[in-house]
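Welcome! Please take a moment to look over the protein shown below, and then we will walk through it topic by topic.

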Amino acid sequence: MSPRPTAANELGRDQILEAARERFIEFGYRAVSMRALALSLGCSHGAIYYHFKDKAELYARVVEQDFDRLRDVLEQTIAGKTPCITLLHEVLTGYIKFGLDRPQSYEMMFMMNDPELDCNVAADQMRCFNRFSETVQVCIDRIGEEGNATAWMLFLGLHGFVSRHIAMKRAYADVLSSAEQYATFLLGGI
């Protein structure tokens, strides 16, 4: 029997998550296998299954990190500021910047169409949207169903803008002026 690996040689969750992120971005969810991921990490696939139940859970944990980053962007944008349309404009452009600066993450978060993944990612999507919606409602001073509907329309508008520019392979710096104008346009309907 071979000795147990030392703690320094053990494969950690963060290593697996980073390698999985790279492979999901490069090959897509369907093309990544746990065995191929293990091979790229130089370990057995059992070492990955020790940390993650299956590929869907692994994917969900990768995407969860991205949702945490997006929530951090939102929280940093609103921290200590008085809710108003100007702040909401910053939130909208911050969202666009996040999506265009991290297009692969954005696609994994919002643009995958796979029933196997939906149940694992839906909760993070809702938590993120709910925080966005709360911010919108406070900034426009419309709490409740009407404010939530407005937040949903703003989100859909943002998603369309980000998705289109991701498809065109444009970074935030390339569309900065357009992003500012678009946020102003969206807020004009409020």
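In which helix is Glu 22 found? Glu 22 belongs to helix α1, which covers residues 13-27. Before going further, note that this is a predicted model, in which local features need pLDDT of at least 70 and side-chain atom pairs count only at pLDDT 80 or more, while totals for chains, interfaces and linings use all residues. Residues are numbered from 1 along each chain as its sequence is written, and side-chain values use heavy atoms, with hydrogens and water left out.

**The overall fold**

- The protein chain has nine helices and zero strands; here helices are DSSP runs of H or I with at least four residues, strands are runs of E with at least two, and both are numbered from the N terminus.
- Reading from the N terminus, the order of elements is α-α-α-α-α-α-α-α-α.
- The C-alpha trace spans about 70 × 30 × 30 Å along its principal axes.
- Of the 190 residues in the protein chain, 41% are buried. "Buried" means under 20% relative accessible area, "exposed" means over 50%, and "partly exposed" lies in between (1.4 Å probe, protein chains only).

**The nonpolar core**

- In soluble globular proteins, nonpolar side chains tend to be buried together.
- The largest nonpolar core here holds 55 residues, and Phe 24, Leu 58 and Phe 132 have the most contacts inside it.
- Two or more residues of this core come from each of α1, α2 (34-41), α4 (55-78), α5 (85-101), α6 (103-110), α7 (115-140), α8 (145-167) and α9 (176-188).
- Helix α4 gives the largest share of this core, with nine residues.
- For reference, a nonpolar core is a set of buried Ala, Val, Leu, Ile, Met, Phe, Trp, Tyr and Cys residues joined through side-chain atoms within 4.5 Å.

**Salt bridges**

- Side chains of opposite charge can pair when their charged atoms come close.
- A search of the whole structure turns up ten salt bridges, each being a side-chain nitrogen of Lys or Arg within 4 Å of a carboxyl oxygen of Asp or Glu.
- One of them joins Asp 66 and Arg 21, at 2.9 Å from N to O. This pair links distant parts of the chain, as Asp 66 is in helix α4 and Arg 21 is in helix α1, 45 residues apart.
- Are Asp 66 and Arg 21 buried or exposed? Both residues are buried.
- Lys 97 and Asp 101 form another salt bridge, at 2.5 Å from N to O. They are separated by about one helical turn because they lie four residues apart in helix α5.
- Lys 97 has a relative accessible area of 38%, so it is partly exposed; Asp 101, at 37%, is partly exposed as well.
- Arg 142 pairs with Glu 146, and their closest N and O atoms are 3.7 Å apart. With a relative accessible area of 27%, Arg 142 counts as partly exposed.
- Salt bridges that share partners also tie Arg 21, Asp 66 and Arg 69 into one network.

**A charged patch on the surface**

- Asp 14, Glu 18, Glu 22 and Glu 26 form a negative surface patch. Patches are built from residues with over 30% relative accessible area and no salt bridge, with like charges joined within 9 Å and nonpolar side chains (Val, Leu, Ile, Met, Phe, Trp, Tyr) within 5 Å.
- Glu 22 has 48% relative accessibility, so it counts as partly exposed.

**Two loop residues with positive phi**

- Most residues other than glycine have a negative phi, and most peptide bonds are trans.
- Asp 141 is not a glycine, yet it has a positive phi of about 55°. This residue sits in the loop between α7 and α8, and it counts as exposed because its relative accessibility is 65%.
- Lys 169 is not a glycine either, and its phi is positive at about 60°. Lys 169 is in the loop between α8 and α9, and its relative accessible area of 74% makes it exposed.

**Residues that meet across the sequence**

- Glu 116 lies in helix α7 and is partly exposed, with a relative accessible area of 38%.
- The C-alpha atoms of Glu 116 and Ala 56 are separated by 6.9 Å, although the two residues are 60 apart along the chain.
- Leu 70, in helix α4, counts as buried because its relative accessibility is 5%.
- Leu 70 and Gly 94 are 24 residues apart in sequence, and their C-alpha atoms are 9.1 Å apart in space.

How values were computed
Accessible areas come from the Shrake-Rupley method with a 1.4 Å probe; for residues, only the protein chains shown count as cover. Lys and Arg count as positive and Asp and Glu as negative; His and the chain ends are not counted. The place of a charge is taken as NZ of Lys, CZ of Arg, CG of Asp or CD of Glu.
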